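Please go through the structure below with me, taking up its backbone, its sheet and its helices in turn.

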Amino acid sequence: MESQESANKSTVYLEDLDIPRVDKEGKPAVTSVVSGTTTTAASTSLKRQRTLMDMFANSQGKSASDPSAKKLKLSPASSTRQSASSSSGTVAKGFGVQRLNSIPFSMSGFQESMTDEQRDLLRLECEAMGKSWLKLLKDEIKKPYFLSLKRFLWEEGVRGTHDTPLPLKVYPPPKDIYSWSNTPLGKVKVVIIGQDPYHGRGQAHGLCFSVPLGVTIPPSLRNIYAEIKAEYPEFTPPKHGNLTAWATNGVLMLNTCLTVRANSAGSHSEKGWEQFTDKVVDVIDKYGGANLSSKLAQADTGLGRGVVFLAWGAWAAKRVAKLDKVKHLILTSAHPSPFSAHKGFLGNGHFKAANEWLERKYGSDGTVDWCTLNAE
């Protein structure tokens with residue numbers, strides 16, 4: 001029983017694992033982290049350095065063990081690798097950022113770390129948030145501002161995925177609030193920033209601009225379809241507005257506020273969601289695309305190498321203004337709303353520009369199939 005609990009405390013989820021790199025002989029170049037234990041090439045590097053040190057010492061007629069022999073100074077990178085290998089349970093790092101696939105997470109351990117109130121308030125996050133996201137946001141959701149947000153939502157009637165009293169006048173349903181997180185963090189290619197969930201009954205399902213099957217296609221989404229058609233003439237706009245196929249293809253559709261009161265636009269703004277989704281963007285900045293393949297043989301997997309941000313409208317543009325425009329492709333324009341689409345959204349060329357950038361960086365497998373929107 002104890003060994004099982006120990007294993008749970010260092011679980012690494014398969015959706016986070018990247019493909020091991022191999023050397024010319026087909027052998028693993030670096031051993032990945034498993035169950036919280038790190039093995040690196042540090043010992044090999046140190047052996048090589050000792051050999052060089054011995055050679056230098058011998059050329060001076062002294063042995064390496066002689067106190068007066070000059071010591072070879074380790075580089076900062078070598079020191080980091082040495083420290084990582086000598087400390088049991090320490091995970092590998094690159095440039096000070098821990099690799100995505102080496103971050104362990106235990107749900108039971110996380111729940112045990114919470115107070116009774118926190119367990120009640122954060123039950124939905126534990127039930128519905130994708131684990132590749134939860135392991136990086138677990139400290140964020142225990143902060144006072146987020147707990148205050150959850151108390152507000154509790155008063156609004158939002159509980160867990162199965163025990164929320166009905167009828168609920170908050171959208172989307174609790175089980176869909178974190179639907180965006182079903183796209184694994186390491187597989188994110190494109191981020192579309194929205195503002196508020198749709199506030200009509202049955203419209204919102206946790207992906208910005210998207211609606212469930214059977215719901216009328218919103219005007220903004222019709223304009224999105226029109227732009228895709230202009231860029232990809234072979235595209236046939238579907239008769240539905242469900243964009244889940246994009247989510248499974250690496251497109252993260254994130255609203256800035258994740259809930260709204262029925263028929264009351266902006267009713268849950270300034271309650272804490274904005275700070276939380278800012279943190280989500282920070283996490284994407286660090287790890288978005290971390291486990292995508294690359295055209296470069298030496299590409300450093302496990303760390304974010306850049307994604308595309310589609311920020312339509314002034315509100316969305318503000319959310320991405322702080323990001324590195326060299327690391328990421330940040331495309332801004334007017335919003336696709338009927339009130340502004342003709343002021344710069346239609347004709348912006350964003351969908352093709354995104355794919356051209358992704359292909360240069362990650363190869364053809366890194367692009368998004370914007371034209372295939374098969375219903376679930």
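Q: In which loop does Phe209 lie, and is Phe209 buried or exposed?
A: In this predicted model, Phe209 lies in the loop between β4 and α9, and its phi is positive, about 70°, although the residue is not a glycine. Its relative accessible area is 9%, and since burial means a value under 20%, Phe209 in the loop between β4 and α9 counts as buried.

Q: Which residue in the loop between β6 and α11 has a positive phi without being a glycine, and is that residue buried or exposed?
A: The residue is Glu270, which is found in the loop between β6 and α11 and has a phi near 60°. The cut-off for exposure is over 50% relative accessible area, and Glu270, at 66%, therefore counts as exposed.

Q: Where does UniProt place the feature "active site", and in which loop is that residue found?
A: The UniProt record, an unreviewed entry, places this feature at Asp196. Leaving aside residues up to four places away in sequence, Asp196 touches Asn255, Cys257, Thr259, Val260, Ala265 and Gly266. As for its own position, Asp196 is found in the loop between β4 and α9.

Q: What is the strand order of the open sheet of four strands, and which are its edge strands?
A: The order is β5-β4-β7-β8, and the pairing is parallel; within it, β7 and β8 pair over five bridges, and Phe309 stands opposite Ile330 in β8. Neighbouring strands of this sheet are turned by 20° against each other on average, direction ignored. An edge strand pairs on one side only, and the strands for which this holds are β5 (251–255) and β8.

Q: Which strands does helix α11 lie across, and which does α13 lie across?
A: Helix α11 (residues 273–287) runs at about 160° to β5, while α13 runs at about 175° to β8. The strands that α11 lies across are β4, β5 and β7, and those that α13 lies across are β4, β7 and β8.

Q: Which residues of α13 are buried, and within what arc do they fall?
A: The buried residues are His350, Phe351, Ala354, Asn355, Trp357, Leu358 and Tyr362. Seen down the axis of α13, they line one face of the helix, because they fall within an arc of 165°.

Q: What covers the buried residues of α13?
A: The cover includes helices as well as strands: the helices are α9 (219–231) and α10 (244–248). The strands included are β4 (190–194), β7 (308–312) and β8 (329–333).

Q: Is Lys150 buried or exposed, and which residues does Lys150 touch?
A: Lys150 is found in helix α8 (residues 144–156), where Tyr145, Phe146, Leu147, Leu149, Phe152 and Leu153 are also among the buried residues. At 3% relative accessibility, against a cut-off of under 20%, Lys150 counts as buried. Not counting residues up to four places away in sequence, Lys150 touches Leu121, Leu122, Leu124 and Glu125.

Q: What covers the buried residues of α8?
A: Just after α8, Gly157 takes a positive phi of about 110°. As for the helix itself, what covers its buried residues includes α5 (116–121), α6 (123–128), β6 (260–261) and α11.

Note on methods. Residues are numbered from 1 along each chain as its sequence is written. This is a predicted model: local features need pLDDT of at least 70, side-chain atom pairs count only at pLDDT 80 or more; totals for chains, interfaces and linings use all residues. Side-chain values use heavy atoms; hydrogens and water are left out. Buried means under 20% relative accessible area, exposed over 50%, partly exposed in between (1.4 Å probe, protein chains only). Helices (H or I, at least four residues) and strands (E, at least two) are DSSP runs, numbered from the N terminus. The arc is that of the directions from the helix axis to the C-beta atoms. Contact means heavy atoms within 4.5 Å. Two strands pair if DSSP finds at least two bridges between them. Axes are lines fitted to C-alpha atoms, for helices over the stretch in contact, and angles run from 0 to 180 degrees between N-to-C directions. UniProt positions are given in the numbering used here, feature names are shortened, and annotations may be inferred rather than shown by experiment.
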